[in-house]
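Subject: Handing over the structure

Hello,

Here is the structure I promised to pass on. Please open it first, and then read my notes below alongside it.

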Amino acid sequence: MAGVQVSNVSRSFGAHKALDDVSIDFADGGFYALLGPSGSGKTTLLRQIAGFDFPDSGRIAIGGESVERVPVEKRRIGMVFQNYALFPNMSVADNVAFGLSVRGEPKAVIAAEVQGALDLVQLGKLGGRRPHQLSGGQRQRVALARAIITKPRVLLLDEPLGALDKALRVGMQIELKRIQREIGITTIFVTHDQEEALTMSDRVGILRDGKLVQEGPPEEIYNRPKSEFAATFLGDANIFRGESTGNGIRLPDGTAIFAGSGANLAPGAKAICAVRPERIRIFTDAAAPDTANANVLRGEVSKRIFAGNSSTYFVERGGQMLKVIVQNTGVDKLAEGQEVVLRWSPESTVLMAAS
Amino acid sequence: MATTRVLEWLGRLYIWLLLAFLYVPIIIMALMSFNVSPFYQLPFEWTTEWYASLWQNDQLISATWNSLEIAVITTIICVVLGSAASLALYRYEFRGKKFLQALLFPPIAIPWLITGTAMLIFFFGVGIGRGLFAILLGHVALALPYVIVVASARLQTFAPELEEAARSLGANQWQVTNRVTLPWIMPGVIAGGLFAFAVSFDQFVVSYFLSTPGQTTLPVEIYAAIRKGFTPEINAVSTIIIVVSMALMLLTARFFKFGGEK
């Protein structure tokens, strides 16, 4: 097992820059999510690490050893494909055995290892089946068992749960995480599902247009996004635009918004503030000054969407639609058209340069 | 309700008429190969005389062996070259690839009479002349496009991730091809091989142009025999061939089922 270092990697396809000077350090044994919209370069990056494609420039190291010109079959990686890519002409056991079999391991060793790998993914009894006789979730497990049986240095997953339905996906997320912890393998997985990235990974890297926008632990990216894109792509955010005051911004109508963290911006510079919908509290009247929630805006409820455990209110304020998520406590139900006061703390507000 | 039933009945009738159209002449021929009268006279009297005399007919037997030999060699050559070519066309991008692929189709459409004439002239020009070797070359040229087209069609349904998955597991190019890609295109290769065998074994026109009196194939020999005067031995040899080819077909159908599952 080993960490992976990607340093200044660029890759172009014709005029299109799929990866533009990307550097990420994947720590040994970590679970890393590469998140981004389609065309952001996340799959290209994964394919560079796997060795299906070579970078135009830059360096890729696995366990400290430079591999950027080493073809995939010599990199000792394990890969799970979005459509599983199980060999249709082989049984489940033969699929799992493939990596050991091409190495020429003795039959007895292979049989024992295959059983171990199938047991690990809880498919111990299905070795004799053919891939087409399995459900989507089972195929996923076979693909995983096949990828880890060779004891690869890195496990790469390309949208591994994308083809599964929601309920199965949540189950597989837990399962995948358990197996990853059990064997302690460095895991890099590509997804466009932000929830998956947040719940599964130790660290997340957000890509956009071939560039790494931000990377770090999920909490850090969620709570302290560094750009509007990071704030809105990972989770929901209300974005306010105005001029920097040093510790927040002034909206065009003169209202001040205070931010507790974020970039150091010179007063007067164009800036934005971001706040998560669940951080905003909603009141029906302007009560006594609330020093903890120093940010105050008045608005009018324009729409309410009930979602069981919470409600989402769309509040119109100065031509901008603000999103507020309120936990269902059984009391506060606001009517559409009602005048409300929104309050939130500077600590919940992040200041960043306007993009 | 009544109309549905009538339609269904007409449908069945249509199928039976179709089958009769296909099989009645063959069945009559097979029956007549066991009839005493050489002139298709009834009543039917059972005999295996024609099969026995077929055994004595050296010309017919040697032509049958020639045909089988040429068909088998043609099939082997076309299967090997054809699957290699379809793999290359699938895997690699090179200059003139589209042009090359387009060139595969016209030989299928050009009348065999014209191809045969062209081959005869060409083979004389380069000194190959006529004979079994010339026939073999001709058959390979005729059958190869079929194998490439059928195997390529099968490859179109191949998921490239399968090769990538095999490589990620440490398989080299040879292992990837042998264990993953070839098993996938096998039904296509078998179907293409069958086509090649049929094109060669049924081939009359090109074989006729390229054969010499001693070196000929079964269809040409049958044609020559019929011109001299029809004998029920022809029925006998045809019946044997029909039985063998049908068995081959059924076997292939089984293979297809095996390879067709995903």
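Into which domains is chain A divided? There are two: domain 1 covers 4-223 and domain 2 covers 237-353, with bounds that come from an automatic or database domain assignment. Their C-alpha centres lie 39 Å apart.

Before going further, a word on conventions. This is a predicted model, in which local features need pLDDT of at least 70 and side-chain atom pairs count only at pLDDT 80 or more, while totals for chains, interfaces and linings use all residues. Residues are numbered from 1 along each chain as its sequence is written, and chains are lettered from A and ligands numbered from 1 in the order in which they are written.

Chain A as a whole

The C-alpha trace of chain A spans about 80 × 50 × 35 Å along its principal axes. Its secondary structure comes to 8 helices and 21 strands (DSSP runs numbered from the N terminus, helices being H or I with at least four residues and strands E with at least two). Of the 355 residues in chain A, 41% are buried. Here a residue is buried if 20 or more other C-beta atoms lie within 10 Å of its own, exposed if 12 or fewer, and partly exposed in between, with C-beta atoms placed from the backbone.

The sheet

Chain A has an open sheet of 6 strands with mixed pairing, in the order E6-E7-E8-E3-E9-E10 (two strands pair if DSSP finds at least two bridges between them). Strands E6 (77-80) and E10 (211-216) of chain A each have a single partner strand, so they stand at the edges with one side left without a neighbour in the sheet. From one strand to the next, the twist averages 20 degrees (axes are lines fitted to C-alpha atoms, for helices over the stretch in contact, and angles run from 0 to 180 degrees between N-to-C directions).

Within this part of chain A, E3 (residues 31-35) and E9 (residues 203-208) pair in the parallel sense over 4 bridges, and Leu34(A) stands opposite Gly205(A) in E9(A). E9(A) pairs with E10(A) in the antiparallel sense over 5 bridges; one bridge joins Arg208(A) to Lys211(A) in E10(A). These two strands, E9(A) and E10(A), form a hairpin with 2 residues between them, and Asp209(A) in the turn has a positive phi of about 50 degrees.

The cores

Which residues have the most contacts inside the largest nonpolar core? They are Val96(A), Ala145(A), Leu156(A), Ile188(A), Cys273(A) and Val147(B), in a core of 128 residues. Such a core is a set of buried Ala, Val, Leu, Ile, Met, Phe, Trp, Tyr and Cys residues joined through C-beta atoms within 7 Å. Helix H9 (residues 173-201) of chain B gives the largest share of this core, 12 residues. Domain 1 (4-223) and domain 2 (237-353) of chain A both give residues to this core, so it lies between them. A second, separate core has 9 residues, including Trp50(B) and Ala63(B).

Where the chains touch

In all, 20 residues of chain A are in contact with 18 residues of chain B (two residues are in contact if their C-beta atoms, placed from the backbone, lie within 7 Å). On the side of chain A that touches chain B, E6 and helix H2 (92-102) of chain A are the elements that give two or more residues.

Enjoy looking around!

Best wishes
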